[in-house]
Amino acid sequence: MSNDPGTANSDAPLPYAPLPPGARGPLDPPPLGAPPPGFGPQLVIAEGVLTKAAGAADHIFEAFHGPARSVDEPTGKAARELAGWESAAALRTSLKNWQNQSKAAETWLARIAESLRASSHTYTSMDQGVEQQFSVLRTYG
């Protein structure tokens with residue numbers, strides 16, 4: 001390995017480059033009054049957005065379910081008619097894989113809708129609870 005600073009394999013230390021005036025380094029503490037890391041602007045979700053998103057997930061589920069199941073009968077029939085052929089086994093295998101994958105997608109969509117509804121309920125009840133607590137403080141303040 002060469003120690004020539006002009007080569008890519010140099011073992012020489014990098015030159016010290018001071019920060020320009022006023023610049024902050026990665027180890028400097030944050031300025032006074034700055035929020036701690038991870039605390040940014042307040043998250044505000046408009047009323048009904050999460051419930052509407054849950055309804056959209058339900059709609060996608062319904063739109064997917066029928067067409068996803070529509071391949072079961074014709075594929076099964078084709079596999080029966082090709083009994084004894086390697087194609088029949090391939091059709092049964094592909095149908096089973098499709099059923100597993102489509103069921104996973106349906107489960108995923110149902111859980112998304114359920115989670116959105118639960119989040120909406122939690123967000124709304126938490127928002128109302130905080131508002132009630134502050135209204136009591138405003139009464140005595």
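Student: On what basis are the values to be read?

Tutor: The model is predicted, with local features needing pLDDT of at least 70 and side-chain atom pairs counting only at pLDDT 80 or more, while totals for chains, interfaces and linings use all residues. Residues are numbered from 1 along each chain as its sequence is written, and side-chain values use heavy atoms, with hydrogens and water left out.

Student: Which residues form the largest nonpolar core?

Tutor: A nonpolar core is a set of buried Ala, Val, Leu, Ile, Met, Phe, Trp, Tyr and Cys residues joined through side-chain atoms within 4.5 Å. Buried means under 20% relative accessible area, exposed over 50%, and partly exposed in between (1.4 Å probe, protein chains only). Here the largest core consists of Leu50, Ala54, Ala57, Ala113 and Leu116. Helix 1 (49–69) and helix 3 (86–140) each supply at least two of its residues; helices are DSSP runs of H or I, at least four residues, numbered from the N terminus.

Student: Is serine 120 buried or exposed?

Tutor: Serine 120 counts as buried because its relative accessibility is 12%. This residue lies in helix 3. Contact means heavy atoms within 4.5 Å; leaving aside neighbours within four places in sequence, serine 120 is in contact with Leu50 and Thr51.

Student: What lines the largest pocket?

Tutor: On a 1 Å grid over the protein atoms alone, a pocket is an open set of points where a 1.4 Å probe fits, with protein on both sides within 12 Å along at least five of seven lines; lining residues have an atom within 4 Å of a point. In this model 16 residues line the largest pocket, and Val44, Ile45, Tyr123, Thr124 and Asp127 lie nearest its centre. Helix 3 gives the most to that lining, with 6 residues.
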